[in-house]
Amino acid sequence: MMRNPRCGGLSRLKREYGQRAVCWWPFLSAVLAVVPELLLPDSPDHPPVNRPYFFYLLTAAAAYFFAAALAAHAHAGFRARLEGKAYFYGASLLFLNILNVVTDKLAALPPIFFPSPDRILSVLAQDWRYLLADCLGSSAVLLFSGFFSGALCGIVTGIAVGFSKKAAYWVNPLIRILGPIPPTAWIPIVLVAFPTTFWGGVFLIALSVWFPTTVMTSSGILNVQNAYFEVSSTLGAGRWFQIFRVGIPASMPFIFIGLFTGTCSSFITLMTAEMVGVKNGIGWYINWQREMLSYANVYAGLIIIAVSFYSLITLLFKLRDHLLVWQKGVIKW
Amino acid sequence: MVGGTPQRDASPAARTSSASPAGPAAEAPGALRVDRVSKSFRRHDGTEIPALSDISLDVEAGAFISVIGPSGCGKSTLLRLIAGLEQADAGELRLDGRLITAPHAERGLVFQNPLLFPWLNLHANVAFGLKARKIYRENKAEVEHFLHLVGLADFDRAYPHQLSGGMAQRAALARALINRPRLLLLDEPLGALDAFTRMNMQDEILRIRQDRNITMIMVTHDVDEALYLSDRVVVMTPGPAKIETVASVNLARPRARGGEDFLRLRSAVLKILNFGGQIKEPAYQI
């Protein structure tokens, strides 16, 4: 029954010390990255930048993770959050460190295709206004116009096909034939059929969202337990009430899977459309810079794409968690 | 008491003390007449499987009827016909003289699986019938009333997956009752519950019935449950599905589950169902 206080105390101390040490990893990794950046000379193969942006970034990261590690000592909830991600943050900074050494310091990779982090950051720092307002802005207009029209059409078609035999008879073959064609394969026709490349792009993106949304919505409705419809009819629900209050909410999980698939393929279509026809947007920017062999700008564009698409997907996940709160413990994906 | 009653039991059910009409008199009707109803189902290979043949049954307003019998004897089909979820091939069903052709809020149905809508919280589940009939706005208070009636007033914001089986089934009962049906159909509503929850729910159903004087028809596998709850027990046998006997349960309420009369009735009903104590010749070898 007697607990050995020394042993228990020691192991607890060790455990706690170990846990807290984890929280310092990101900070240490940032400091470790500063060392070669300051001590090693830049390779002459890399064009110099007017400000040490990578050093700024590392300093900011070090300061941030120092504060985070201190906060983790004070606050248990914060510590739990940081602990889970500490290794990942540390490894990410280590990766940047290695990248910096390999490119900027040693020029071990062809400098024209692998610019230094300094250069990429300087593009972001100097061109951000143009990149965000002009390129990303016009991409966003194109993406959202296409996405929302495609999603709306997809949900409506899916519901019609799911509920009406007649609609299924006429529309299903169309879905089966047109759906699997990659939207970008339509580009030659779209270029002729639409007055502007913008509307052509909207159509292509809408098409790429429409197909998965339609398929998932209709199969979601077909998968709703018939008993739910029976119960609702004994409760006095008419046909439309059953469609909107039973069929659609019950197939929401499926509709969201369709929307996620659609979102991903809309990103692909957006990029392709911009690289092929549309004369502005972030995809067009990347292609243009590639032709000019300004790879730093290409990477800057890729970073902007990654950040914005990541944000969109996160937003969609949040929306799903909010709408499908009832699903907890029912279905997981 | 048992066995002698013919199929068309014209005599009123033994209304014992508790069954006096206590609810609002305007809602008192709820008399069901099932007249020579047959129903068969078509299998994939085209053969017809008779589910019910020539069933007749009269249920007077306010009565509690149990339908009992082995699986496959068509008792659930009978209930689905009354609910309007299936159409009879021959014969007709009438509630208070009106022909039953489709599901309607006047005939509530509770299944063995509570089938609460998982995307709605309890409040919205119970309010479903009011919303479907577009009378929710003026009857909002009803929802709390019925949640309270089944003892779930504190769970109105809970989602179905957070409830136990018994709670979910009580919520399903509240959802059916909020429409103030004239006839409540119960398809083995307590079949999936544990023994204690089951007995509690039986008393709860009796209390609700006493309060509101709704006609109730319950399908069950459980002879004890049938005898504990009902005014009459309809015993059905399969192949072809027909009503074997309608037994009146002339026992005073509240009933003692182990009482002498209760046990005598129990063994009589079991005998009709061929569980009378003798071991049958096995129909197949294991």
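Biologist: How many aromatic pairs are there over all chains?

Modeller: A search of the whole structure finds 28 aromatic pairs. This is a predicted model, in which local features need pLDDT of at least 70 and side-chain atom pairs count only at pLDDT 80 or more, while totals for chains, interfaces and linings use all residues. Residues are numbered from 1 along each chain as its sequence is written, chains are lettered from A and ligands numbered from 1 in the order in which they are written, and side-chain values use heavy atoms, with hydrogens and water left out.

Biologist: What makes Tyr53(A) and Tyr56(A) an aromatic pair, and why is the pair called edge-to-face?

Modeller: Rings of Phe, Tyr and Trp (its six-membered ring) pair if their centres lie within 6.5 Å; planes under 30 degrees apart count as stacked, over 60 as edge-to-face and the rest as tilted. Tyr53(A) and Tyr56(A) are 6.2 Å apart centre to centre, with 85° between the planes, so the pair is edge-to-face. Both belong to helix H2 (residues 53–74) of chain A, and because they are three residues apart there, about one helical turn separates them.

Biologist: Why does Tyr53(A) count as buried?

Modeller: Buried means under 20% relative accessible area, exposed over 50%, and partly exposed in between (1.4 Å probe, protein chains only). Tyr53(A) has 14% relative accessibility, so it counts as buried. Tyr56(A), at 41%, counts as partly exposed.

Biologist: What makes the pair of Tyr64(A) and Phe65(A) edge-to-face?

Modeller: The ring centres of Tyr64(A) and Phe65(A) are 5.2 Å apart and the planes stand at 80°, so this pair is edge-to-face. Tyr64(A) counts as exposed because its relative accessibility is 55%, whereas Phe65(A), at 9%, counts as buried.

Biologist: Which residues do ring pairs link into a cluster?

Modeller: The cluster consists of Tyr228(A), Phe241(A) and Trp326(A) together with Phe117(B), Trp119(B) and Phe128(B). Phe117(B) also has the charged end of Arg175(B) over its ring.

Biologist: How do you know that Arg175(B) sits over the ring of Phe117(B)?

Modeller: A charge sits over a ring if NZ of Lys or CZ of Arg is within 6 Å of the ring centre and within 35 degrees of the ring normal. The charged end of Arg175(B) is 4.8 Å from the centre of the Phe117(B) ring. Lys131(B) lies over the face of Tyr136(B), at 4.7 Å from the ring centre.

Biologist: Why is H10(A) called roughly antiparallel to H11(A)?

Modeller: Helix H10 (residues 282–291) and helix H11 (residues 295–323) of chain A pack at an angle of about 160°, with their axes 8 Å apart. Angles under 35 degrees count as roughly parallel, over 145 as roughly antiparallel, 65 to 115 as roughly perpendicular and the rest as oblique. H10(A) is therefore roughly antiparallel to H11(A). H10(A) passes H11(A) in a left-handed crossing. Among the residues making the contact are Ile282(A), Tyr285(A) and Ile286(A) of H10(A) and Tyr295(A), Val298(A) and Gly301(A) of H11(A); contact means heavy atoms within 4.5 Å.

Biologist: What makes H9(A) oblique to H10(A)?

Modeller: The axes of helix H9 (residues 239–276) of chain A and H10(A) come within 7 Å and cross at roughly 50°. That angle makes H9(A) oblique to H10(A). Their crossing is right-handed. On the H9(A) side Met271(A), Glu274(A) and Met275(A) meet residues of H10(A) including Ile282(A), Trp284(A) and Ile286(A).

Biologist: Why is H1(B) described as largely enclosed by the rest of the structure?

Modeller: Helix H1 (residues 75–83) of chain B has eight of its nine residues buried, so it is largely enclosed. Those buried residues include Lys75(B), Arg80(B) and Ala83(B). Gly84(B) follows H1(B), and its phi is positive, near 90°.

Biologist: Why does Thr234(A) count as buried, and what is Thr234(A) in contact with?

Modeller: Thr234(A), in helix H8 (residues 226–234) of chain A, counts as buried because its relative accessibility is 1%. Leaving aside neighbours within four places in sequence, Thr234(A) is in contact with Leu85(B), Pro103(B), His104(B), Ala105(B), Arg107(B) and Leu109(B).

Biologist: How many helices and strands does the secondary structure of chain A come to?

Modeller: Chain A comes to 11 helices and zero strands, and chain B has seven helices and 10 strands. Helices (H or I, at least four residues) and strands (E, at least two) are DSSP runs, numbered from the N terminus. Buried residues make up 43% of the 333 residues in chain A, and 53% of the 286 residues of chain B.

Key
Axes fitted to C-alpha atoms, helices over the stretch in contact; angles between N-to-C directions. Left-handed = near helix turned anticlockwise from the far one by under 90°.
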